[in-house]
Amino acid sequence: MCGIVGYIGPRDAQEVLLSGLSKLEYRGYDSAGIAVGDGQQIAVRKKAGKLANLAADLEAEPLNGSFGIGHTRWATHGVPNDVNSHPHTTENGDIVLVHNGIIENYLELKAGLLQRGHVFKSDTDSEVVAHLIEETYQGDLEKAVRDALHQVRGAYALVVTHKDHRQIVAARTVSPLVMGVGEGEMFLASDVPALLAYTRQMVFIQDGDMVILDDDGYRITDMQGQPVQREAETIEWDAEAAEKGGYDTYMLKEIFEQPQALSNTLLGRLKGEEGRVELDISLDPTSFDRIHIVACGTAYYAGMVGKYLLEQLARVPVELDVASEYRYRQPLVTDKTLAIAVSQSGETIDTLEGMREAKAGGARTLGIINAKGSSMTRELDDTLYIHAGPEIGVASTKAYTSMVGAFLLLAVWLGQQRGTLSRDEVARLVQSAHDLPQLVAETLSDERLARVQEVAQKYHQARDYLFLGRGVNNPTAYEGALKLKEISYIHAEAYAAGEMKHGPIALIDEHLPVVVVATESRLLEKTISNVQEVRARGGRVILLLSDGDTDNAQHAEDVLYVPRCDELISPIVNAVPMQLLAYYTASTLGKDVDKPRNLAKSVTVE
Ligand code: G6P
């Protein structure tokens with residue numbers, strides 16, 4: 001977790017560092033800090049809370065200098081306060097560092113350092129590394145960092161500087177790090193958007209790399225100091241695309257970007273005229289007899305839809321696991337397993353480790369991923385990019401619908417290649433997928449938005465919510481509940497509609513809003529029976545129905561309509577009113593929608 005930045009060049013370092021950190025707050029916002037050097041000394045300023053606190057402080061009293069490092073924190077070791085904020089320094093303040101990751105053997109290292117007389121200021125694991133570097137430092141910062149890191153076990157992207165050197169030394173193991181190459185200036189960051197305002201030339205730093213930046217440019221070495229070659233890539237993302245573009249929040253902007261994001265997911269892969277799907281991956285569609293899907297959070301729910309689609313269309317048995325369980329449960333993997341990671345960031349450590357576990361067992365690996373150049377895309381055999389564009393809002397929206405879109409493509413493609421779908425069935429599904437962006441755009445009409453807003457306002461004081469769905473829309477209920485709890489802090493639980501009677505039915509009373517996904521499907525009648533069970537116990541039913549279904553509307557206190565569509569693509573269409581319900585509930589309650597408390601966008605710790 002955490003976001004880090006570094007800069008060396010002719011500009012005002014404070015400005016560059018703050019600008020970079022503002023794009024990285026999605027990685028954590030428990031505290032922020034920067035260190036700026038002017039050649040003689042390095043000054044550190046850090047503050048608990050969001051970046052705005054630090055920025056206000058710096059505005060009143062700026063730090064002057066043209067090189068420096070910065071950090072935005074998601075607390076792991078040590079509570080979020082000023083002292084535990086990064087950058088961390090040695091006792092004499094000569095060495096300054098920022099760290100993203102976890103030093104696993106920090107207690108052992110700290111015990112040794114304490115014995116040798118070091119005095120610690122913070123409770124963090126990161127400060128330990130500063131002291132280790134101080135011990136090994138004999139005038140050569142690069143060598144000192146390398147020697148210190150040989151003692152360290154764990155995950156890190158580390159950026160270090162020293163008051164006597166106009167130089168920045170960085171290293172990476174597991175946690176992401178990208179270097180921006182400018183003209184006469186160099187940048188470092190955890191992620192590409194932090195640097196887009198300054199350069200499009202980026203080098204993705206790899207595990208085990210060290211980077212040394214100074215006014216002459218950069219060098220990359222391995223941990224033994226041997227030179228390593230890494231190619232710079234040109235990033236085509238528009239910096240504007242990562243900004244709010246006129247919306248109040250990133251989340252709302254990203255909800256509205258879904259038609260475009262889905263078009264991008266499908267682009268070039270749906271061959272409408274031939275009625276076929278073509279994928280830009282090298283996977284042999286017949287090389288496996290089972291699939292394991294591994295993911296966390298929203299991506300897991302996308303995987304839940306994926307399981308349904310893959311089993312139904314490609315007739316391959318699918319197991320689905322949250323990554324933190326998968327990696328430790330000794331999954332039964334063979335060389336006939338296809339392991340699929342689903343991840344917006346491509347950096348979630350549990351998912352990455354889950355894939356390593358699968359790979360070690362002989363599986364072929366495939367990523368359904370958004371972030372270009374992310375760690376997973378570099379390690380997995382294949383990546384089916386979702387092309388949703390940068391997602392900044394912590395609660396995932398467009399990445400979710402695009403992930404489900406990618407699963408649809410994969411399932412149809414496998415069905416087509418493995419012969420489990422007829423030509424006509426493939427052509428019909430290709431047509432349905434082709435209509436998706438337009439259908440999603442229709443769910444965002446002013447009229448529908450106003451309706452969701454009314455419902456959100458009516459129930460915003462509820463203490464709990466229940467979400468129900470069946471079949472391919474069971475995950476829609478789970479994702480709807482997750483969105484609501486993430487950003488409004490209202491407790492929300494999701495259940496398979498048919499399972500409700502085995503427990504949650506006891507919760508139903510006249511205070512409990514129950515959202516039921518009841519759009520057209522072969523299970524609709526059964527879902528409506530479950531709705532009756534809720535009604536009979538006084539529950540307040542909010543039904544999600546297909547346009548025109550006035551018959552079933554009578555079973556609900558409130559109805560949200562969505563455009564009619566093929567059942568297999570309905571989870572994408574139905575996700576939108578769920579996102580909006582959460583969004584408007586949270587905004588009615590005055591919550592910070594883009595930065596919900598305690599969460600982070602990209603979780604690179606276990
Ligand atoms: C965090 C985020 C979630 C996200 C999950 C998985 O918990 O808050 O929104 O779904 O990580 O992230 P990934 O980048 O792997 O999709």
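On a 1 Å grid over the protein atoms alone, a cavity is a set of points where a 1.4 Å probe fits but cannot get out. Grid points are joined across faces, edges and corners, and a volume is the space filled by probe spheres set on the points. The model is predicted, with local features needing pLDDT of at least 70 and side-chain atom pairs counting only at pLDDT 80 or more, while totals for chains, interfaces and linings use all residues. Residues are numbered from 1 along each chain as its sequence is written, and side-chain values use heavy atoms, with hydrogens and water left out.

The structure has five cavities of 30 Å³ or more. The largest cavity has a volume of about 270 Å³. Its lining, meaning residues with an atom within 4 Å of a point, is made of 27 residues, and Tyr26, Asp191, Val192, Ser345 and Ala371 are the closest to the centre. Both domain 1 (3-243) and domain 2 (283-439) give at least three residues to this lining; the domain bounds come from an automatic or database domain assignment. By type, twelve lining residues are nonpolar, eight polar and seven charged. Here Ala, Val, Leu, Ile, Met, Phe, Trp, Tyr, Cys and Pro count as nonpolar, Asp, Glu, Lys and Arg as charged, and the others, Gly among them, as polar.

A pocket, by contrast, is an open set of points with protein on both sides within 12 Å along at least five of seven lines. The largest pocket holds about 580 Å³ of space. Of the 28 residues in its lining, Cys296, Gly297, Ala600, Lys601 and Val603 lie nearest the centre. Elements giving two or more residues to that lining include helix H8 (297-314) and strand S19 (337-343). Helices (H or I, at least four residues) and strands (E, at least two) are DSSP runs, numbered from the N terminus.

Next, consider a single residue. Glu25 sits in the loop between helix H1 (13-22) and strand S2 (31-37). Glu25 counts as buried because its relative accessibility is 7%, and buried means under 20% relative accessible area (1.4 Å probe, protein chains only). Leaving aside residues up to four places away in sequence, Glu25 touches Lys50, Leu51, Thr72 and Lys595, where contact means heavy atoms within 4.5 Å.

Helix H4 (residues 126-136) is mostly covered, with eight of its eleven residues buried. Among the buried residues of H4 are Glu127, His131 and Ile133. Their cover includes strand S6 (95-103), helix H3 (106-115) and helix H5 (141-149).

Key: Buried means under 20% relative accessible area, exposed over 50%, partly exposed in between (1.4 Å probe, protein chains only).
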